[in-house]
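Time to look a few things up.

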Amino acid sequence: MASKARGPGSLDCGRLGVWTFLEGLDAAGAASLVRRVEELGYAALWLPEALGRDPFATLAFAAAHSERLVLATGIANLYARDPMTTHAAARTVNDLSGGRFVLGLGVSHAPVVTGLRGHDYGKPVTTMRAYLDALEKSVYQAVGPDAPPVVLAALRPRMLTLAAECAAGAHPYLVPPEHTARARELLGPDRWLAPEQKVLLETDPARARAIARGNVKMYLQLPNYRNNLEWLGFEDADFQHGGSDRLVDALVAWGDEDALRARVQAHYDAGADHVCIQPLHPEGKPVPHMPTLERLAPGAR
């Protein structure tokens, strides 16, 4: 399927973005990374909400150190804020960035929401639908641009269908191109699809898979991701010992520059509008691997 060049609404999100954690960098390092990502020609920067910095504050900071980058949460946890607070934060960052913000929103995972945050974990689709309704009705009394587009961290059919009905599109995480194809079918042709793809510039199979397992093993323990991967055909044996070779190879693109580019292209061919690459560090460091970003940058070839 041919990919569209534009993102949610009239916001130009380009074809290729960067998804990364900034927790391993201090403020000066984070600012330098933001500037470099923009210099390299990437269209968007996606930041998660995990156990570190607040994503809205960090993206407002990123807005001050960039001019063109689209800035997106990938994703903001709806259990972290009530809808009116999220609405205000999103509108604020959209204003401070000059209309360059995308709100990626998700239900997170029960072990995180219940075990770490101390909230009851509701039915994901029902909870998200109610949250989106409240978000739309939120009061915001300040000048500035309209509310930014919303994309959902949607993996399986019911949440993808909700993304098609009530959002600008979907931002699936930890997915192979096979998922992108299924997601496109469920979203239809008019909703934006922006999967995350982990990339690792390492050609030795044993070393590459060891690094990849170290990155994905924690995700395989979370029910939402495991259920999605089982939907794609992976079996119990694929989740043992940090992930089978088949599973690891599906989730992490490793090899030389051509192999990484081929995986990104596979997502486009499957129906993605935008792919955000997460450059894993070959030494396992908790910072993005800049040589990978430099080699895969738009216009680098």
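This is a predicted model: local features need pLDDT of at least 70, side-chain atom pairs count only at pLDDT 80 or more; totals for chains, interfaces and linings use all residues.

Residues are numbered from 1 along each chain as its sequence is written, and side-chain values use heavy atoms, with hydrogens and water left out.

**Helix pair**

I looked up helix 6 (residues 157-166) and helix 7 (residues 177-187), which pack at about 50° with axes 8 Å apart. Axes here are lines fitted to C-alpha atoms over the stretch in contact, and angles run from 0 to 180 degrees between N-to-C directions. Helices are DSSP runs of H or I with at least four residues, strands are runs of E with at least two, and both are numbered from the N terminus.

Which residues of helix 7 make the contact? I found His179, Ala183, Leu186 and Leu187, facing a helix 6 set that includes Pro157 and Leu160 (contact means heavy atoms within 4.5 Å).

Most residues other than glycine have a negative phi, and most peptide bonds are trans. I noted a cis bond joining Gly74 and Ile75, with omega about 10°. Ile75 sits in the loop between strand 3 (70-73) and strand 4 (76-77).

Leu174 has a positive phi of about 60°, and His241 has one near 55°. Buried or exposed, I asked of Leu174? Leu174 is buried at 1% relative accessible area, whereas His241 is exposed at 78% (buried is under 20%, exposed over 50%, partly exposed in between, with a 1.4 Å probe and protein chains only).
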